[in-house]
Amino acid sequence: MGSFSSASSSSAAFAVIVVLAFVLSSAVLCNAGKTSVYVRKVEKTIDMPLHSDVFQTPSGYNAPQQVHLTQGDHVGKAVIVSWVTENEPGSNTVLYWSENSKQKKKAEGKVKTYKYYNYTSGYIHHCTIRNLEYNTKYYYVVGVGHTMRKFWFTTPPAVGPDVPYTFGVMGDLGQSFDSNSTLTHYEQNPLKGQAVLFLGDLSYADNYPNHDNVRWDTWARFVERSVAYQPWIWTAGNHELDFAPEIGETKPFKPYTRRYHVPYKASKSTAPFWYSIKRASAYIIVLSSYSAYGKYTPQYQWLEQELPKVNRSETPWLIVLVHSPWYNSYNYHYMEGETMRVMYEPWFVKYKVDFVFAGHVHAYERSERVSNIAYNVVNGTCTPVKDQSAPVYITIGDGGNIEGLATNMTDPQPAYSAYREASFGHAIFDIRNRTHAYYSWHRNHDGAAVEADSMWFFNRFWHPVDESSQ
């Protein structure tokens with residue numbers, strides 16, 4: 001009887017330990033998030049026809065078209081102005097002047113063309129305007145000597161810890177009717193983004209026979225109405241690869257790199273697919289899901305050296321842009337970002353990255369602050385856990401492209417997923433100061449002012465409070 005009683009006590013104690021362990025582990029991430037009750041009507045996504053007004057070329061001989069801006073240095077005192085001329089190269093000059101000055105200055109750019117299969121590009125111009133004043137409106141003119149076109153932009157405030165700034169966030173835009181709705185929605189948003197964080201997959205030209213590069217031209221004319229007036233910060237996606245050996249095109253990213261320049265050398269990067277910029281109170285790191293990122297590779301070595309450089313007393317908000325998501329509960333592109341997550345997530349936790357924005361999955365999802373960095377091949381600890389030093393992961397590949405929505409979600413919703421919805425839309429990330437930022441996601445079927453998902457976020461360095469209780 002004594003031995004039986006002892007065995008019973010041991011069994012009971014073991015059972016209590018097992019239950020307690022289960023309860024404690026469940027407490028880490030016990031409740032799954034919200035799957036939106038909103039169900040978008042299933043409709044085929046259709047590209048706008050080539051004769052659409054948003055694709056029309058500007059009138060006049062050799063008129064500049066496809067005008068676009070991006071930041072041109074590391075700190076926001078330069079812009080890269082790009083445009084295309086069709087008839088002849090024309091002038092490489094950009095005239096520019098500040099709103100309160102009559103003195104016009106000149107900057108000189110360069111022009112190139114490229115061929116892709118049976119397509120020959122127009123004359124692609126890139127010109128960097130440097131030494132601009134912060135927080136200043138500038139006018140600029142391209143097309144000098146032929147048909148001149150005038151635009152404007154506003155430089156960001158000087159880099160500093162409590163500088164407010166508002167970013168738009170979009171990805172996987174394409175050039176469908178839904179794409180047009182997304183861009184219009186963003187333009188009409190009363191929060192008024194000052195620059196766009198673009199998460200890759202621009203034109204979807206590779207969905208056409210022989211990667212029809214005419215669709216690179218039409219896309220750039222379509223988005224000109226926004227990107228000629230405010231910089232878009234570019235991330236390369238899989239639809240920028242344009243790798244097509246079956247038609248003799250074996251240089252990845254050829255059209256993208258000819259058309260879209262970024263200031264990668266300013267952050268000591270060796271390639272335009274990974275780089276960083278400072279803008280107002282944000283430090284933005286752009287990574288490439290489709291360039292080598294394993295140990296010893298150029299991207300790995302650059303990021304290893306880049307993260308320690310971030311001074312959170314100067315730029316409190318640390319934001320990473322990447323195309324393929326690391327935390328994704330849709331049955332599309334599931335776990336495609338897993339190997340990159342394994343390589344870099346420990347660094348993101350160590351350096352307290354605030355947000356990771358991704359595209360690729362054509363839907364919307366916001367995660368809890370979680371990490372999955374304890375696992376190794378021996379311990380089997382492979383479940384994401386709440387981690388207040390970890391980023392929030394936001395998937396926003398819902399721009400509206402021709403491939404349509406991702407509607408098939410994993411069931412049940414995993415605990416790391418805070419909110420998900422299969423709709424097209426855009427987001428606004430509104431930094432108020434070093435501690436607080438307001439984030440909102442807007443679905444296309446809502447009125448412009450309606451927020452389908454919104455939240456106050458607290459900076460991981462200056463105010464690392466748990467936001468999940470909101």
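1. Val-111 has His-125 in strand 9 as its bridge partner. Strand 6 and strand 9 pair antiparallel over 3 bridges. Two strands pair when DSSP finds at least two bridges between them. Strands (E, at least two residues) and helices (H or I, at least four) are DSSP runs, numbered from the N terminus.

2. This is a predicted model: local features need pLDDT of at least 70, side-chain atom pairs count only at pLDDT 80 or more, and totals for chains, interfaces and linings use all residues. Residues are numbered from 1 along each chain as its sequence is written, and side-chain values use heavy atoms, with hydrogens and water left out.

3. An open sheet of 4 strands runs in the order 2-3-9-6, with antiparallel pairing. Strand 2 (65–71) and strand 6 are its edges, each pairing on one side only.

4. The largest pocket holds about 820 Å³ of space. A pocket here is an open set of points on a 1 Å grid over the protein atoms alone, where a 1.4 Å probe fits, with protein on both sides within 12 Å along at least five of seven lines; lining residues have an atom within 4 Å of a point. Grid points are joined across faces, edges and corners, and volume is the space filled by probe spheres set on them.

5. Of its 29 lining residues, His-126, His-261, Val-262, Tyr-264 and Lys-265 are closest to the centre of the largest pocket. Strand 9 gives the largest share of this lining, 4 residues.

6. The second largest pocket has about 400 Å³ of space. It is lined by 19 residues; Met-335, Glu-338, Arg-341, Asn-372 and Pro-384 lie nearest its centre.
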